Amino acid sequence: MKKSVLLLGALPAAAAIYFFLPRTEAASRYLITGSSTVAPILQQVAAVLEERDPGLRIEVETGGSGRGIKDAQGKLSDAGMSSRELSADEARGIHPVPIAHDGIALIVHASNPVTELTTEQVTGIYLGTITDWSDLGGAPGKITVINKAEGRSTLEGFLAHFKLKASDVEADVIVGDNAQGVRLVAGDQRAIGYVSIGEAQRSAETGTPIKLVRYGGVQPSIATVADGSYPIRRTLFLLFPAEPDAIGQRILDLLAADEGRGILEGLNFVPLGTRKAAAPQ
Amino acid sequence: MRLASQLASGILIAFVALLTLDLFVRGAPEWSAGYLFAPVREGGTDGGIGPIVFSTLFVTFLATAIALPFALGAAILSNEILMHSPRLAGAILRSFETLASAPSVALGLVGWTLFGRIFGLGFSLLSGGLTLAIMLVPILAVAFHAGLAAVPRALRAQSQALGVSRWTTLVRLVIPAAWPALFAGLVLALGRATAETAVLMLTSGISTRMPQDAFDPGATLAVHVYQLARNVPGGEPRAYAAACALLVINVAVHLSLARLRKEPA
Amino acid sequence: MREFAPGWAAAALLGVAAALLAPGLLLFLLFEGFAFLTGPSAATLLAREWHPIEGVFGLLPLVAGTLATSLLALLLAFPISLGTALHARFFAGKRVRDLLEAVLGVLGGMPSVVLGLFGTFWILPHLGPSLGSGVVVLALMITPTLALLSLGALRQVPEELLIDGARLGLRREQVILRLALVRARPGILAAAALALSRALGEALAVEMVCGNVPNLPTGLTVPVRTLTTTLVQEFEYARETHAQGLHLVALTVVLLATLACGLGQKLARRGGTA
C-alpha cells in the first residue's frame, strides 16, 4: 500500500517541481499594477502583444490608482495605472503618460423614469436628504444608494466633484469594483450608483438593464467626454518608473495606433493622440 | 417534541434540496463538452474552466505537500515524544485548535502581507499554496494526532520489549497501523482546501489565464465562483456552473470519506 | 537497536514549528498593526465610524456588525440544528438518520460562496442587502457544524441512562428532556461555541448579502458590515496606515474567534467529566 502511494505521489511531485522553475525569463515578464478602471485596457493590450510575441508575459493586477503610483515609484512594477491626476509628490521620479479619457456617470435601472439629475439632487440623494424617487419625479420607492468602497479613485473623483465628505454619505450598499456597481443597479429598480462611463456604456450596450443619467445638461457618453461637455471627467494614465523601456514603448505604440484606438473605443473610453512620454517633472 | 424535531429536519432537508436543485438547474445548462478543460473566455462568461481546475489542483497539491511534514511532525511530537508530558502535548493541541478556528480571511491577509508584499511574490500560486498550507497544518495535525493516539500503547511496548528501536516501531508499526485514520484526515483536509475561498482570493489571485509557473497568479474554483457572482457582469449563470463543479468535487470527497470510515479499522 | 536520532529531531523540529504557527499568527498581526497603534490615528479605533480615507478607523461598527450577524445566526440556527439532532438520535429510523447525516455532510462541505450565491438569489430580493440577509446565510452555514456536534453530544449519553428513565415510567419525551438533554448540555453548548467561532470568521458569503456599509446594526433591515467583510473589500486597495489598521481588524476577529473556540473547549471538557 505504501509503495503504490509513493509511486502515485512521485509523478505529480515531479511535475510540480518542474512547474516551480520560472519558465518566463525575468526580462520578458512585465508587471502592470493599479487602477481597476484602466486594467481592462491593459489586459486587452497584453493579449494582443502576447499573441504577437509568445515569449512575452504581461501581468495586469489591480489594487487601485494608489497602488499603481506607489509600485511605479518604488520600482515594484514595470508600469502603473492611474485613473486620476498625480500630485506633485506622487509624480516625483515617474513618467505619467495619459492614454485615454474617461468620465464618471450616474446609473439607474433601465426602467427608472428619471433620466436627468442636477447637482443638488445628486448631493441630496447621497447625503440622505432625498430618500424617495417620487421626490425626483419618478415612481414612488425608497432609493437604494450605492457607494464605492474607500480607497477607490472613482469614489474620490465622485466626492471631489460633488464636494462631499466620505463620512457624510449615507449609503445602502458599498461595492468594490465598477462591475459590482453595475450588477447591483441592474438588479434593483430603485438603485442608483456611479461608475466609470466606459464600464457603464459597455454594460448597457450588451443588454444589462441600466441607463446613464443626464447630468449638467449633458448625456454621458464617449462623445461628450471627448468634446469636454460632460462635467465629471478624468484622464487615465500609464505610469512608468523611468523612460518607458522596450515593452513599455510597445504598449504605448499599440495604444497610439489604430488597433489601440479600437481597444479603447471598444471599452468605451476616449482615445488620445499622444505618443511620446510626458516630460519628467 | 417528536413533531418539532421532525419539522426541524424537514426544514433542513427542504433547504438543502432547494439549494442543490437550484444549483444544478441554473448551472448545468452552462456546461459544455469539455467544460472542465476548455480555456476561460470573456472573463469567465464563456468557454470552460480548464485553467481554473489546473490552478485548483496545483495549489491544493502544493499546500498539502507543504503541510504534511509539519502536521506529521506535530503529531509525532505530541503523541510519541511528549508521551509523558500530557500538559505540554495538550497545550500544543490547543494551539492547533485555536489556529483551526481562526478566520480564514485573516490568514489570507497574513499571506498577502507576508508572502505577497514582504516576500515579493505578489499574487501567485506559490503564495496561495504557502498560505493554504498554514491553514491545513492544524487540521491535519489534529487528525494525525488522533490517528496515532488510537494505536494501542501495548503495540509500542511489545515492540520495544523485543529490542526494536522506538523510531523503527513508529515508522514500521505505529504509522501503518494508524494509516486509515491518517488517510481520512488527509481527505478531510483536502475537502477543506477545495472549498476555501477567502485565503486564496487574497493570495493566489483572480486571474483566469493558464498559469505558466508557480509565480503566476491563478484563480481556484471557489474564487472563480465568487468572482463570477460578484464582479463579472452577466456572470451569475456561469457562477452556478462553476459552483456545480465545485459541489460535485465536494460530494466526491465526502463520499470517499464516508466509505473510508465504514471500513474496519 | 540504535535510535534514529535525526528522525526524532526532524519530527520535533517540524512539530515545534507547526505549534508556533498560532502564536506566530497573532504576533504577526500585532506587529503589522503596531505602527498604527503608536501612530496618530490610534485613538480613532474607538470611534463610531469607519472612514479610512478621512483617517477615522472606528472598530465599533465593525465589531457590532460581526457580533450581531454571528449571534443572531446562532439563535436562528439553534432550533433547526438541535431539532435535527434530536430527530436523528431519538425519533428517526436508520434510513432517515443516514439521510440526515448525508444532508448535513453535503451542506457542511459546501463552500461558503455557494451559500452566498444561494442567498443572493433567494434571500436578497426579500430582505435586501442587510443584517437580516447576512443572518440567514450565516445560519445556513453553521447549521451543519451545530447539528453534527450536537448529535455527537447526544450520542454520548449512555444508553443505560435512557433505559433506566423509561423503566422508571418516564415518557419518551420526558426521558429526553430531563435526562438526555441535561446530560448532553455541556456538549451542546460546546457545539454552539464552536459554531459561533465559525460564524465569526465567515467573510465571503456574508459579504455577498449584507450591504457592506459600516453602520451600527440598529435593525434587521439595516445594511451592515463585519470585521471580515471589511478585510475582503479593502485589503487590496489599502496603503500604509489603512493597511496597518486592517491588520488590527484581522487581529480583533482572530481574538474573538479564539475566545469562542476556547469557550467551546472549556465547556466540552466540563461535559466530559460530568
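User: By definition, helices (H or I, at least four residues) and strands (E, at least two) are DSSP runs, numbered from the N terminus. How many helices and strands does chain B have?

Analyst: This is a predicted model, in which local features need pLDDT of at least 70 and side-chain atom pairs count only at pLDDT 80 or more, while totals for chains, interfaces and linings use all residues. Residues are numbered from 1 along each chain as written, chains are lettered from A and ligands numbered from 1 in written order, and side-chain values use heavy atoms, without hydrogens and water. From the N terminus, the elements of chain B run α-β-β-α-α-α-α-α-α-α-α-α. Chain B therefore comprises 10 helices and 2 strands.

User: What box do the C-alpha atoms of chain C fill?

Analyst: Chain C has 12 helices and 2 strands. Its elements run, from the N terminus, α-α-β-β-α-α-α-α-α-α-α-α-α-α. Along the principal axes, the C-alpha atoms of chain C fill a box of roughly 70 × 70 × 30 Å.

User: How much area do chain B and chain C bury between them?

Analyst: In this interface, 75 residues of chain B are in contact (heavy atoms within 4.5 Å) with 77 residues of chain C. Carbon and sulfur atoms carry 79% of the buried area, which is the accessible area (1.4 Å probe) lost on putting the two parts together, summed over both. For chain B and chain C the total is about 6400 Å².

User: Which residue of chain C forms a salt bridge with B:Arg230?

Analyst: A salt bridge places a side-chain nitrogen of Lys or Arg within 4 Å of a carboxyl oxygen of Asp or Glu. Across the interface of chain B and chain C, the rule finds 1 salt bridge. The closest N and O atoms are 3.0 Å apart, and the partner of B:Arg230 is C:Glu207.

User: How many salt bridges does the rule find across the interface of chain A and chain C?

Analyst: Here 26 residues of chain A are in contact with 19 residues of chain C. The two chains bury about 1800 Å², 48% of it on carbon and sulfur atoms. Across this interface, the number of salt bridges found is 0.
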